[in-house]
Amino acid sequence: MPVPGVSLGCDYNPEQWSPDVWREDVALMQQAGVGLVAVNIFGWSNLEPSPGKHHFDDLDEVLDLLHAGGIRVNLGTGTSSPPPWLSARHPEILPVAIDGTTRFPGGRQAWCPSSPVFRERALDLVERVAQRYGNHPALALWHVSNELGCHNALCYCENSAVAFRTWLRDRYQSIEALNDAWGTSFWSQRYGDWDEIQTPRLALSLRNPGQLVDFQRFSSDELLGHYRAETAILRRNSSAPVTTNFMVTAHIRNLDYWSWAPEMDIVANDHYLDHRLGNPTAELSFAADLTRGLAGGRPWMLMEQAAGAVNWQPHNLAKAPGEMIRNSLTHVARGADSVCFFQWRASAQGAEKFHSALLPHAGTDTTAWREVLRLSETLQRIGEVAGTAVVSDVALLFSWESWWSSEGEARPSQAVTYLGQVHAAHRALRELGVTVDVVSPDADLSGYRLVVVPGLYMVGDAAAERITEYTRDGGHLLVTYFSGIVDERDRVRLGGYPGAFREVLGVLSEEFAPMPPGDEVRLSNGATATLWTERLRLAGAASVASGPDGTPAITRNEHGDGTAWYVATELDPRGMRDLVRNVITAAGVKAVGPETDGSVEVIRRTGEGRSYLFVINHGTTPVVCPVAGYDLVTAEHITTVVGGGIAVIREEKA
């Protein structure tokens with residue numbers, strides 16, 4: 001980590017304020033214990049106010065002030081949004097939306113990832129920033145661009161079409177191979193030349209699903225190429241680590257971060273509570289586990305979160321007293337060694353002027369500021385936790401490609417969503433007190449007692465065989481419906497569903513039978529099922545629960561030395577939790593915390609002879625600690641955690 005211990009950090013936008021405010025800010029940052037500050041995130045128009053005319057004096061002064069205050073810098077390359085002069089002189093850099101219309105300046109990220117003009121001008125700026133600050137004593141970390149692809153991941157312009165064709169040629173080598181991969185014999189779509197291929201803009205009918213998923217892959221790779229180009233310049237001019245902020249969250253899906261993560265010196269994520277979800281705290285926990293998976297189990301950074309309300313949801317809810325600290329500690333419990341916020345000082349102008357900040361509009365005589373000071377004190381007290389790791393016996397497989405492909409335009413039920421299945425499985429494990437590693441379908445599974453595969457619609461042969469082999473060798477497997485259906489070309493695996501997993505699960509489904517939203521059936525074990533059923537028959541497995549007509553809905557199969565469970569319907573939360581309880585018992589998985597309704601989280605971090613238990617009580621009822629030990633937060637021994645409270649217990653050796 002760029003700052004020792006469990007650090008507190010923030011985004012800082014000094015260009016919004018006068019120099020006298022900068023000095024006040026540094027003093028207040030010192031008071032708040034801020035150790036890492038991200039600057040120059042949106043600095044391009046200040047650094048280069050006109051073409052080729054550069055002005056670094058202000059950024060020089062800000063970095064020197066921060067260094068004098070003992071604060072390290074997470075330095076942005078400044079390329080996240082182009083200045084107005086660039087799009088005015090080169091409108092061809094502007095992105096084109098799926099309907100073929102151009103998106104204009106006035107917001108942020110108004111650039112096409114495939115634009116050679118944008119790339120050239122951006123890299124010129126990066127070179128100048130890297131040369132000037134590559135050895136600055138305040139520099140702790142490089143921050144490439146910002147939230148790459150948040151708004152502009154999918155561009156449908158002619159520059160993108162040219163780059164897409166190049167990407168396709170590299171992938172398929174021949175036009176015949178592309179036609180085979182996309183199934184272009186359907187609807188007379190066969191291509192005779194690469195130049196006939198366009199970006200998949202809106203059409204009068206359903207579009208080719210193979211083209212759609214390849215365009216998602218291309219778009220992720222195109223932005224990754226931009227990251228690599230900036231990074232190459234930074235590494236040539238500086239020895240500081242390099243990263244960018246991922247957006248592992250429920251409402252953004254356009255980048256396949258499994259391919260991005262190996263390029264990061266430190267994995268960093270931005271996460272904001274989304275109150276449009278039924279349980280935003282549960283989604284926070286899942287996102288933190290997935291970020292830890294991207295980091296390969298190593299400590300990672302929470303690059304951004306909100307101190308209070310955000311400004312971009314229909315209803316921007318303020319956080320209750322103590323909620324910001326509980327949320328922050330949830331990230332730390334699940335592997336973060338740095339907790340940062342957007343932003344330091346709440347903006348007085350601009351699109352995010354009503355977004356919360358560490359220093360609110362009302363100033364320091366506020367509850368919000370006192371919460372910041374309390375969080376800072378807490379992070380300082382638990383600093384010895386830094387460097388430890390979270391260890392789990394359970395892996396949950398997650399795939400951006402399955403997310404893209406399973407939610408295509410033509411599918412059995414628009415009511416079924418990929419994240420719906422993923423979150424349901426993770427929520428059940430979380431409520432049972434089980435810690436989960438969220439990993440790629442290509443990950444090594446041999447060290448896990450249980451592997452959970454929710455809605456893995458698209459899976460390649462190698463990954464499918466690895467999952468089957470894991471089970472055959474004695475592992476326990478839980479698969480949910482709409483899994484194993486297609487290969488990586490989005491081609492249906494013929495012979496009956498669930499395709500790639502028929503053998504290991506010991507079942508064969510002849511037909512999907514989705515239910516309309518609102519309908520439900522009662523299973524033989526008392527659980528309620530909605531959204532999905534199948535014309536399923538046993539092919540070696542045993543029925544665990546069946547529908548009213550006797551059709552199996554939950555099955556169990558002994559495969560080699562292992563056991564594979566299949567859920568062929570959407571279980572209600574209690575039914576899913578009851579099933580998962582049986583599965584983890586059979587697999588020998590030991591819960592870290594007690595079984596709750598999700599209001600209490602208990603996570604263990606260990607390393608080098610140290611062990612710490614995080615107990616986070618999101619509810620109102622006191623909870624008995626699973627172990628007695630020294631609480632780093634209160635500096636005393638603790639046996640219970642009050643409602644809304646937290647504890648970080650240094651576990652005592654027997």
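**Stop 1**

The model you have open is a predicted one. Phe-186 sits in the loop between helix H7 (175-182) and helix H8 (209-237). Together with Phe-186, they make a nonpolar surface patch with about 340 Å² of accessible area.

Stay in this loop and pick Ser-188, which also lies between H7 and H8. Ser-188 is not a glycine, yet its phi is positive, at about 55°. For context, most residues other than glycine have a negative phi. Is Ser-188 buried or exposed? At 71% relative accessibility, Ser-188 counts as exposed, because the cut-off for that class is over 50%.

**Stop 2: the second largest pocket**

Next, select Arg-207, Asn-208, Pro-209, Gly-210 and Asp-490. Among the 41 residues lining the second largest pocket, these are the closest to its centre. The pocket holds about 950 Å³ of space. H7, H8 and helix H13 (400-406) each give two or more residues to the lining. Which of the elements gives the largest share? That is H8, with six residues. By class, the lining has 23 nonpolar, nine polar and nine charged residues.

**Stop 3: the largest pocket**

Move on to Phe-42, Gly-107, Arg-108, Ala-351 and Glu-352. They lie nearest the centre of the largest pocket, which is lined by 42 residues. H2 and helix H4 (84-89) are the elements that give two or more residues to this lining. The volume here is about 1,200 Å³.

**Stop 4: Asn-40**

Now select Asn-40, in the loop between strand S2 (36-39) and H2. Asn-40 has a positive phi of about 65° although it is not a glycine. With a relative accessible area of 5%, Asn-40 is buried, because that value falls under the 20% cut-off.

**Stop 5: salt bridges**

Side chains of opposite charge can pair when their charged atoms come close. In this model, the count comes to 40 salt bridges. Here are a few to display.

- **Glu-48 and Arg-121.** Their side chains meet in a salt bridge, 2.8 Å from N to O. The pair links distant parts of the chain, 73 residues apart: Glu-48 is in the loop between helix H2 (44-47) and helix H3 (57-68), while Arg-121 is in helix H5 (residues 116-133). Glu-48 is buried, at 0% relative accessible area, whereas Arg-121 is partly exposed, at 23%.
- **Arg-605 and Asp-337.** The closest N and O atoms of this salt bridge are 2.7 Å apart. Arg-605 belongs to strand S23 (residues 600-607) and Asp-337 to strand S9 (residues 336-341), 268 residues apart. Both Arg-605 and Asp-337 are buried.
- **Glu-595 and Arg-577.** Here the closest N and O atoms are 3.8 Å apart. Glu-595 lies in the loop between helix H17 (573-587) and S23, and Arg-577 is in helix H17, 18 residues apart. Glu-595 counts as partly exposed, at 42% relative accessibility, while Arg-577 counts as buried, at 16%.

To see a network, select Asp-289, Arg-292, Arg-334, Arg-430, Asp-437 and Glu-601: salt bridges that share partners join them into one.

**Stop 6: two cis peptide bonds**

As background, most peptide bonds are trans. What kind of peptide bond joins Phe-342 and Gln-343? That bond is cis, with omega at about -10°. Gln-343 is located in the loop between S9 and helix H12 (367-381).

Then center on Tyr-497 and Pro-498, where the peptide bond is also cis, with omega near 0°. Look for Pro-498 in the loop between strand S14 (476-480) and helix H16 (502-505).

**Stop 7: Ile-554**

Finish by selecting Ile-554 in strand S20 (residues 552-559). Ile-554 is buried, with a relative accessible area of 1%. The C-alpha atoms of Ile-554 and Arg-165 are 45 Å apart in space, and the two residues are 389 residues apart in sequence.

Note on methods. Residues are numbered from 1 along each chain as its sequence is written. This is a predicted model: local features need pLDDT of at least 70, side-chain atom pairs count only at pLDDT 80 or more; totals for chains, interfaces and linings use all residues. Side-chain values use heavy atoms; hydrogens and water are left out. A salt bridge is a side-chain nitrogen of Lys or Arg within 4 Å of a carboxyl oxygen of Asp or Glu. Helices (H or I, at least four residues) and strands (E, at least two) are DSSP runs, numbered from the N terminus. Buried means under 20% relative accessible area, exposed over 50%, partly exposed in between (1.4 Å probe, protein chains only). Patches are made of residues with over 30% relative accessible area and no salt bridge: like charges are joined within 9 Å, nonpolar side chains (Val, Leu, Ile, Met, Phe, Trp, Tyr) within 5 Å. Accessible areas come from the Shrake-Rupley method with a 1.4 Å probe; for residues, only the protein chains shown count as cover. On a 1 Å grid over the protein atoms alone, a cavity is a set of points where a 1.4 Å probe fits but cannot get out, and a pocket is an open set with protein on both sides within 12 Å along at least five of seven lines; lining residues have an atom within 4 Å of a point. Grid points are joined across faces, edges and corners, and a volume is the space filled by probe spheres set on the points. Ala, Val, Leu, Ile, Met, Phe, Trp, Tyr, Cys and Pro count as nonpolar, Asp, Glu, Lys and Arg as charged, and the others, Gly among them, as polar.
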